[in-house]
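Student: Could you take one part of this structure and look at it closely with me? I would like a connected account that I can follow residue by residue.

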Amino acid sequence: MKLVNSEKVHEGVLQKTVGELGLVSNSTVISVNDSQRAIDAFLLMNAKRISALPILDEDGELVSIISIRDLKVVAESGKLEDLILPVVEFVGLERRHARVKDMYPYISCRETSTLEMITKRLEATRVHRLVIKNAASNLQGVLSVEDIISFIMCS
């Protein structure tokens with residue numbers, strides 16, 4: 001299934017970068033430290049009305065992403081005690097449960113990436129979000145399929 005039907009999107013939008021389209025935030029990216037409890041990450045997502053958070057290590061480097069979808073491992077196992085694990089361990093549990101080869105996978109793009117390139121990458125990898133970085137590889141934000149659809153519907 002295609003994310004974007006290029007015939008229905010305003011001409012030229014797909015060739016613009018996410019930076020040009022304003023899909024990159026200029027404010028501080030909301031994130032969690034890898035040692036914070038998983039439940040605190042989920043509470044923060046709820047309070048900020050967001051569906052995912054980047055997980056940073058003590059040096060501020062991106063380790064992974066936690067999302068609301070990661071709660072399914074608790075729902076399936078019934079182990080509420082997993083919510084008090086450090087967020088990076090919790091994400092690792094979910095990945096082991098799903099038998100994912102890479103324990104902390106995420107995909108990224110640059111703020112200079114075009115919307116077309118990003119939609120193709122999301123389709124090819126079948127993930128729901130990616131991390132946006134600037135030229136210096138600093139975290140600029142998280143862009144989801146839902147964000148792209150909302151942008152297209154409003155433009």
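Tutor: Rings of Phe, Tyr and Trp, the last taken by its six-membered ring, are said to pair if their centres lie within 6.5 Å, and a pair whose planes are over 60 degrees apart counts as edge-to-face. By this rule the model, which is a predicted one, has 1 aromatic pair. The partners are Phe42 and Phe90, with 5.5 Å from centre to centre and 80° between the planes, and the pair is therefore edge-to-face. Phe42 belongs to helix H1 (residues 38–48) and Phe90 to helix H3, so the pair ties together parts that lie 48 residues apart in sequence. Phe42 and Phe90 are both buried.

From Phe90 one can move on to Asp82, because these two residues are in contact, with heavy atoms within 4.5 Å. Asp82 sits in the loop that runs between helix H2 (72–77) and helix H3 (87–97). Setting aside neighbours within four places in sequence, the contacts of Asp82 are Ala38, Val74, Ser77, Phe90 and Leu93. Asp82 is buried and yet has no salt bridge, the nearest side chain of opposite charge being that of Lys79, at 5.4 Å. A salt bridge would need a side-chain nitrogen of Lys or Arg within 4 Å of a carboxyl oxygen, which is why Lys79 does not count as a partner here.

The C-alpha atom of Asp34 is separated by 9.3 Å from that of Leu62, a residue 28 places apart from Asp34 along the chain.

To set this part in the whole, the protein chain has 5 helices and 6 strands, and their order along the sequence is β-α-β-β-α-α-β-α-β-β-α. Of the contacts between residues at least 6 apart in sequence, 52% join residues at least 24 apart.

Key. Residues are numbered from 1 along each chain as its sequence is written. This is a predicted model: local features need pLDDT of at least 70, side-chain atom pairs count only at pLDDT 80 or more; totals for chains, interfaces and linings use all residues. Side-chain values use heavy atoms; hydrogens and water are left out. Helices (H or I, at least four residues) and strands (E, at least two) are DSSP runs, numbered from the N terminus. Buried means under 20% relative accessible area, exposed over 50%, partly exposed in between (1.4 Å probe, protein chains only). Lys and Arg count as positive and Asp and Glu as negative; His and the chain ends are not counted. Rings of Phe, Tyr and Trp (its six-membered ring) pair if their centres lie within 6.5 Å; planes under 30 degrees apart count as stacked, over 60 as edge-to-face and the rest as tilted.
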